[in-house]
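I opened a notebook page for this chain.

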Amino acid sequence: MQGSADLGKLVLRVVLGVLILFHGVSKLMHGPGYVLGVVAQAGLPSILAYGVYVGEVVAPIMLLLGFWTRIGALIIVINMIVALALVHLSQLVSLADTGGWALELQGMYLGTALAIGLLGAGRFSMGGSNGRWN
């Protein structure tokens with residue numbers, strides 16, 4: 001039974017890590033210009049925009065490797081909360097044209113990161129199931 005739970009944790013980590021990492025790679029290739037604009041419009045210091053690299057590059061790699069997984073998941077949770085607050089707040093109670101919640105993708109990222117933070121990495125990770133932050 002524990003083997004399937006560890007396999008499920010691996011699937012959650014890999015899927016979320018890969019999907020968030022695509023966002024990070026895009027920002028690495030094209031720069032954080034959009035995020036800089038959003039942060040400036042909110043009246044926050046522009047240096048905070050570069051935190052997106054931590055949330056969308058470093059943290060997903062931590063998840064993929066299973067290295068300090070709970071911390072990586074917490075970083076993604078924080079990244080998603082900031083994204084929701086700065087970019088998607090107006091959509092919080094909106095429906096998409098297809099009838100689903102307008103923020104279902106962001107909600108799934110947030111919920112999955114929270115679940116990984118609570119569950120840990122499992123044994124298929126660099127830290128193993130006994131790693132303190134896994």
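Predicted model: local features only at pLDDT ≥ 70, side-chain atom pairs only at ≥ 80, totals over all residues.

Residues are numbered from 1 along each chain as its sequence is written, and side-chain values use heavy atoms, with hydrogens and water left out.

**Entry 1**

I looked up W68. W68 has a relative accessible area of 43%, so I log W68 as partly exposed. W68 sits in the loop between α3 and α4. For elements I use DSSP runs numbered from the N terminus: helices are H or I with at least four residues, strands are E with at least two. Phi of W68 is near 50 degrees, which is positive although the residue is not glycine.

Next, rings. I pair rings of Phe, Tyr and Trp (its six-membered ring) if their centres lie within 6.5 Å; planes under 30 degrees apart are stacked, over 60 edge-to-face, the rest tilted. I get two aromatic pairs by this rule. In one of them, F67 and W68 have ring centres 5.2 Å apart and planes at 10 degrees, so I call the pair stacked. F67 is partly exposed too, at 38% relative accessibility.

**Entry 2: Salt bridges**

How many salt bridges does a search of the whole structure find? I count two, taking a side-chain nitrogen of Lys or Arg within 4 Å of a carboxyl oxygen of Asp or Glu.

D6 bridges to R123, with the closest N and O atoms 3.1 Å apart. D6 is in helix α1 and R123 in the segment after α5, so this pair links distant parts of the chain, 117 residues apart. D6 is buried at 1% relative accessible area, while R123 is partly exposed at 47%.

E56 meets K27 at 2.8 Å, N to O. E56 is in helix α3 and K27 in helix α1, so the pair ties together parts 29 residues apart in sequence. Both E56 and K27 are buried.

**Entry 3: Nonpolar cores**

I define a nonpolar core as a set of buried Ala, Val, Leu, Ile, Met, Phe, Trp, Tyr and Cys residues joined through side-chain atoms within 4.5 Å. The largest has 11 residues, including L16, A59, M80, Y109 and I116. Helices α1 (2–30), α3, α4 and α5 (104–119) each give two or more residues to this core. The largest share, four residues, comes from α4.

I then listed what A59 touches, with contact as heavy atoms within 4.5 Å. Outside four places in sequence, A59 contacts V54, G72, I75 and I76. Apart from this core lies another, of seven residues, among them L21, V35, A49 and V57.

Technical notes:
Buried < 20%, exposed > 50% of the residue type's maximum accessible area, 1.4 Å probe, protein only.
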